[in-house]
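Please keep the sequence and the structure in view while reading.

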Amino acid sequence: MKIVYFSVRVTNRKQFEHLVSRMEAHPTVAKGLKFSEASGVSQDAFVSVWKELAAGLNSLGPPIRTVKDWQKVWTDYKLKVKHKLAHNKREVNATGGGPNNMKVLSPCEEAVVEMLSLDKTVNHSGSAFGLPRRPPPSASPLVSQPSLHPSPPGSPLLSSTMRQQTISADEADQVECDRGIRDEGIENSHSPARRKRKQSNTRDVRHELLMEQTKCMQKIVEHTGDCARYARKMCKLREEEVKNRKEYLLQKEKDRKADLEYKIELLQYKKKKLDILERQYRKK
């Protein structure tokens, strides 16, 4: 079983401030690669800006990230700001009493909203954030209870009247955002259902491999007897071949000896014949 370790990497406030300030200097890069190419910024220039930005952000670390990771941090940060704006719009349009649940944006988040015009993308009807709460469409017989935590009257949504309180809230939201993204990834990749499916698939694959291995072993056992029988036959044939070779060599040696004996007898016969002819010649 493979164990995956996750390290907690939370972007600090200085890194966020540097990221937003550099994006304000390069608004086309802040909107993404496609928008940059449509605006006339080449892909090499886009990558160069991000490499320079990543080097500056890493100098303010930890954490230390790659260019791709910093691009993801910027995308997640924009998404978090957009979610805050959407939440505030729902709160503005909500009716009835209850506590004030509107989220106050930090100076960095306000800069992102102004730079990317995120309020226009969220508020399609054209109404601006920070306007007074809309009256209910129809009179309700129920009287709303006063808010336990009322917001200051006439305070706009993007004002900086609560910036001192939002400094710590901003850090907490940043930690919450990074932790939420990390927890979501962990939950998606290590949820019980997915883990069960993965274990089940692993068991199925192992079972199939064991079945195939068992079949191969059975075939090996079945053919082991035939292999042994063929090996014995080969051994006997080899012994017969060696025996025949020895007999052949012995017979060849006997034939050679017999041939030599015959030649010796022939020479002796010729010698005797010569002796007889020599004696006859002397007598004459």
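Tyr77 lies in helix α5 of what is a predicted model. With a relative accessible area of 2%, Tyr77 is under the 20% limit and therefore counts as buried. Once residues up to four places away in sequence are set aside, Tyr77 touches Phe16, Val20, Ser106, Cys108, Glu109 and Val112.

**Tyr77 and the α1–α5 contact**
- Phe16, one of the residues that Tyr77 touches, is 61 residues away from Tyr77 along the chain, and the C-alpha atoms of the two are separated by 9.0 Å.
- The axes of α1 and α5 come within 12 Å and cross at roughly 85 degrees, and α1 and α5 are therefore roughly perpendicular to each other.
- On the α1 side this contact is made by Gln15, Phe16, Leu19, Val20 and Met23, and on the α5 side by Trp70, Val73, Trp74 and Tyr77.
- Sorted by class, the residues in the contact of α1 with α5 are 8 nonpolar and 1 polar, with no charged residues.

**How α1 meets α6**
- Helix α1 (residues 13-25) and helix α6 (residues 107-116) have axes that come within 10 Å and cross at roughly 20 degrees.
- The crossing in which α1 passes α6 is left-handed.
- From α1, the residues Glu17, Val20, Met23 and Glu24 meet Cys108, Ala111, Val112 and Met115 of α6.
- The residues of this contact of α1 with α6 divide into 6 nonpolar and 2 charged, with no polar residues.

**The nonpolar core**
- The largest nonpolar core has 27 residues, and those with the most contacts inside this core are Met23, Trp50, Trp74 and Tyr77.
- Two or more residues of this core come from each of α1, α2 (27-30), α4 (43-59), α5 (67-93), α6 and α7 (118-122).
- Trp74, if its neighbours within four places in sequence are left aside, is in contact with Leu19, Val20, Met23, Ala30, Trp50, Val112, Met115 and Leu116.
- Val20 and Val112 are among the residues in contact with Trp74, and Val20 and Val112 are also among those that Tyr77 touches.

- Ser117 is a residue other than glycine, and its place is in the loop between α6 and α7.
- Most residues other than glycine have a negative phi.
- Ser117 has 27% relative accessibility and therefore counts as partly exposed.

**The protein as a whole**
- Of the 284 residues in the protein, 20% are buried.
- Among contacts in the protein with a separation of 6 or more, 75% are accounted for by residues 24 or more positions apart.

Methods
Residues are numbered from 1 along each chain as its sequence is written. This is a predicted model: local features need pLDDT of at least 70, side-chain atom pairs count only at pLDDT 80 or more; totals for chains, interfaces and linings use all residues. Side-chain values use heavy atoms; hydrogens and water are left out. Axes are lines fitted to C-alpha atoms, for helices over the stretch in contact, and angles run from 0 to 180 degrees between N-to-C directions. Helices (H or I, at least four residues) and strands (E, at least two) are DSSP runs, numbered from the N terminus. A crossing is left-handed if the near helix is turned anticlockwise from the far one by less than a right angle, and right-handed if clockwise. Contact means heavy atoms within 4.5 Å. Ala, Val, Leu, Ile, Met, Phe, Trp, Tyr, Cys and Pro count as nonpolar, Asp, Glu, Lys and Arg as charged, and the others, Gly among them, as polar. A nonpolar core is a set of buried Ala, Val, Leu, Ile, Met, Phe, Trp, Tyr and Cys residues joined through side-chain atoms within 4.5 Å. Buried means under 20% relative accessible area, exposed over 50%, partly exposed in between (1.4 Å probe, protein chains only). Angles under 35 degrees count as roughly parallel, over 145 as roughly antiparallel, 65 to 115 as roughly perpendicular and the rest as oblique.
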